[in-house]
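Welcome! Take a look at the model below, and then we will walk through a few of its features together.

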Amino acid sequence: MDANANARQARLARGHRHTAFCTIVPPHVLDKLSHAEDASLAEPARRTLEHDALQRTRRRITTVRGVPAARAAAPSDKPERTIYDAQHRTSLPGRKVRGEGDQAGGDESVSRAYDGLGATFELFFKAYGRRSIDDSGLPLNASVHYSEGYNNAFWDGEQMVFGDGDGEVFLDFTIPVDVMAHELTHGVTQYTANLEYFGQSGALNESMSDVFGSLVKQHVLGHGAEEADWLIGAGLLTDRVTGVALRSMKAPGTAYDDDVLGKDPQPGTMDDYVHTSRDNGGVHINSGIPNHAFYLAATALGGNAWERAGQIWYDVLTGGDLASDAEFADFAQLTVAAAHARYGEGEEQAAVREAWAGVGITDLRAHVGAR
């Protein structure tokens with residue numbers, strides 16, 4: 001192991017974590033909505049923005065965590081889920097309403113959250129042998145019915161939180177399983193590569209969550225790469241919105257084009273990379289580029305995307321060589337190397353290389369050993 005790898009392993013062992021406050025709805029979407037003339041649209045968006053800004057500030061103050069206490073027993077092959085009802089307040093976690101193995105009650109949000117946590121655990125365990133977010137059986141906790149008209153869902157470094165939406169633009173955030181899988185994957189990233197939440201490394205952080213969020217949905221539905229819709233947050237928008245989802249991995253920039261929300265700003269290639277100081281350097285915008293690269297690799301390989309393409313991305317995320325400040329070219333190079341390490345010089349490596357070329361990242365060899 002080289003000196004850089006040793007340093008990264010030491011950093012992970014010390015438990016230094018960038019526990020960024022990560023939300024499924026980007027700030028630029030809520031900002032656009034907050035300027036709507038209709039107060040029923042603008043006010044919930046404005047309150048959500050204010051809440052999220054406060055939470056980001058709190059998260060920056062408490063970014064470094066110690067190593068969690070060792071668990072006494074070997075991690076289980078089954079999830080350990082607890083769902084809470086926040087009862088439209090912001091004090092977490094709220095009132096416990098369902099534990100692991102309990103029968104479903106009449107609250108559909110509780111049932112969806114419970115099932116979604118289980119579906120995410122199942123994909124990571126069955127496909128990659130990972131036992132929960134930290135690979136050590138971390139309990140999966142979630143709170144539903146958070147705040148009033150809250151237009152978001154987030155991972156706060158310890159648990160999932162779901163708003164009910166305003167009913168005007170956004171529906172209940174427990175509806176799309178890929179939304180909760182996206183947020184839980186921020187936890188996986190927190191415990192592995194720990195990608196810094198700014199610029200290209202932040203966009204990679206967001207992209208990893210979209211990738212595995214989509215894979216969880218595909219696993220639940222039994223969809224192969226060709227059948228999948230490759231949409232993030234389908235079913236979350238109300239009928240009054242001209243759009244189908246929050247993001248499209250197949251065709252970045254086409255998820256919505258609405259009078260109130262504006263047009264989806266995601267680029268699909270480096271030619272259209274967005275340079276901005278907003279949204280932590282455009283983490284929710286430029287994530288469209290690595291998202292599209294994964295889509296291209298997965299569809300070129302065919303079959304179940306969580307298998308070969310997903311395995312390569314997972315190997316890079318968890319392998320210990322991905323620097324926390326990695327850029328797209330660094331990640332691309334590592335995926336090409338991971339494809340070779342696992343599958344040799346075959347169609348997998350060729351598909352990954354061609355996928356990155358398809359989004360404008362071609363000179364991968366020049367980035368070997370850059371970090």
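In which helix does Val-336 lie? Val-336 is part of helix α10, where helices are DSSP runs of H or I with at least four residues, numbered from the N terminus. This is a predicted model, in which local features need pLDDT of at least 70, side-chain atom pairs count only at pLDDT 80 or more, and totals for chains, interfaces and linings use all residues. Residues are numbered from 1 along each chain as its sequence is written, and side-chain values use heavy atoms, leaving out hydrogens and water.

**Val-336**
- Val-336 is buried, with a relative accessible area of 2% (buried means under 20%, with a 1.4 Å probe and protein chains only).
- Not counting residues up to four places away in sequence, Val-336 touches Gln-349, Val-352, Arg-353 and Leu-364 (contact means heavy atoms within 4.5 Å).
- Val-336 and Trp-356 are 20 residues apart in sequence, and their C-alpha atoms are 9.3 Å apart in space.

**Helix α11**
- The buried residues of α11 are Glu-348, Gln-349, Ala-351, Val-352, Ala-355 and Trp-356.
- Seen down the axis of α11, these buried residues fall within an arc of 165 degrees, so they line one face of the helix (the arc is that of the directions from the helix axis to the C-beta atoms).
- They pack against α8 (288–301), α9 (308–318) and α10 (328–343).
- Just after α11, Gly-360 takes a positive phi of about 95 degrees.

Technical notes. Buried means under 20% relative accessible area, exposed over 50%, partly exposed in between (1.4 Å probe, protein chains only). Helices (H or I, at least four residues) and strands (E, at least two) are DSSP runs, numbered from the N terminus.
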